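I'm jotting down what I looked up, in the order I looked.

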Amino acid sequence: MLTLGSSPTVSIRTWPAHGVPRAPHAPRHRGSAVGSIAVGSIGAVGAVVTRRRRWGARASDRAPRRAVLLAELLGEIHWDELAVEDQLTVVVADLSDVERCMEIVVPVFEVKTEELESVRRGLAGRLGARRSLVGPDAAAPRPKLSRPAPHGSTEGPELGLVLALEHPEHGFVALVDLSLWPADGRVRAPGAKSKPGVASKPYVLNLCVTPSFRRQGLARQLMAVLERLLRDVWGDKEVYLHVEDKQVAANALYEAIGYVPMKYTYDKDFPYTKAEASILRNVTWRRKFLPVASEGSPARSGTILPEAKEEEEDEECGDGEEDIEDDGEEEDEEDEEEVPQKAEDEDFDWVTSLMK
C-alpha cells in the first residue's frame, strides 16, 4: 500500500493477489485494525534471524554489498526505464540480499520481533531459496529474470523476484516484491480456497521506499521497470495487487498508472468465509493490462537472455560427463522406502488478529 502525506512514517504497501499472504502471523501495523491488514501483505518468509541489532540501523563501518545489476542480466537488451535518479541503479536481489531487503521492509511495515522469521522465509523463497542446493542460508544462486513458473501454472507466492533501487552509500532505498498468485482476488483465510485450476498471475506483493528517499517518484519508476519486465521477459499481459480503501493517496497513485478496480465475484461452489468477507470489505483488488511486448524482446521475438545461454552451456558440460555410481549403493537405495512427508498444517491465527 502507499501512504503519502506530511507524516514522516509514510510507507508503500500492497496486498497479495490471492489476498492475504501466507505468513503464519501477518504483521500488524500500529494504529488501527485496518492498518494491520495492510502490513499483512509482507508475505511468507524465512530462516531464523540471529542478528540482535535493530533492523534498519546499518553498521556505520560496513559498506553495503552491491547487488546484481538488472542491465547485466538483460545483456544486450536496453530499456529506457533503467535511467533512474542520479546515483541509483536498478538491481535484482538474490538470496544473499535477504538481510538487506529486511532492512527496508521491516521498518516500513513495522514488523514485530516474533514475526521476523516468517517474513524472512517468504522473501528468501522469492530470492531463489528453491534453487539453492542447501537452503536459504546457502551460497546464493544467481538471480534469474525468466518467469519462475510457466503460464497456466497454479504456483503460489514462494516464487517471484525482487527488484530494488540501490544507492552506493545507502544500499537498497526502494524495492518491489513480485510474486505469483491465483488471479481470483481471493483472500487466504480459514476455510477459504480458490477453484482448482485458477492460473497464477503476476502480483505485486510489497512496494517499499525508505523515508529519506520518498516523494522523488521512485515508486512510480520502480513500477515502470517491473511492468516492462513482466511484458517483455515474462510475456504476461496483466498484473494484480490489493490496496486498502482508506489509503486515498495509494489508490490515487495506482489509478494514475492504470490499475483499475476489479469486482469480487461470488462462487456458490467456493463461497467466501466470514474471515475473507471481513477483509475484502475494506480493500480494493486492482488489475492493469500491460502493453504488448516490445519489438526484439525475449517474449516477442525469442531473444535469448544471458541466463539461458549459461544454462545451455551447463547442460552441454553435463552431457559430456560420465555418471559413475557404486553398484552397492544403488542396491541400498532400491531397498530404501520413501517416507512421505507430512504436510505442515497452516496456522491461521494471524487472520483472527486482523478482525480484532
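Ground rules before going on. The model is predicted, so I take local features only at pLDDT of at least 70 and side-chain atom pairs only at pLDDT 80 or more, while totals for chains, interfaces and linings use all residues. Numbering runs from 1 along each chain as its sequence is written, and side-chain values use heavy atoms, leaving out hydrogens and water.

**Overall.** I find 11 helices and eight strands (DSSP runs numbered from the N terminus: helices are H or I with at least four residues, strands are E with at least two). Of the 356 residues, 49% count as buried (under 20% relative accessible area; exposed is over 50%, partly exposed in between, 1.4 Å probe, protein chains only). I also checked contacts (heavy atoms within 4.5 Å): of those with a separation of 6 or more, 77% are between residues 24 or more positions apart.

**Aromatics.** My search of the whole structure gives five aromatic pairs (Phe, Tyr or Trp rings, the six-membered one for Trp, with centres within 6.5 Å; planes under 30 degrees apart are stacked, over 60 edge-to-face, the rest tilted). Y240 and W285 have ring centres 5.4 Å apart and planes at 15 degrees, so I log them as stacked. Y240 is in strand 6 and W285 in strand 8 (residues 283-289), so this pair ties together parts 45 residues apart in sequence. Y240 is buried at 3% relative accessible area, and W285 is buried at 5%. Next I looked at Y254 and Y259: centres 5.7 Å apart, planes at 70 degrees, so edge-to-face. Both Y254 and Y259 are buried. Ring pairs also link Y264 with Y240 and W285 in a cluster.

**E276.** I located E276 in helix 7 (residues 274-280). Its relative accessibility is 0%, so E276 counts as buried. The E276 side chain makes a polar contact of 2.7 Å with the side chain of R186 (N or O atoms within 3.5 Å, one able to donate a hydrogen and the other to accept it; residues adjacent in sequence count only if both atoms are side-chain atoms).

**Q247.** Q247 sits in the loop between strand 6 (238-244) and helix 6 (248-256). I have Q247 down as buried, at 9% relative accessible area.
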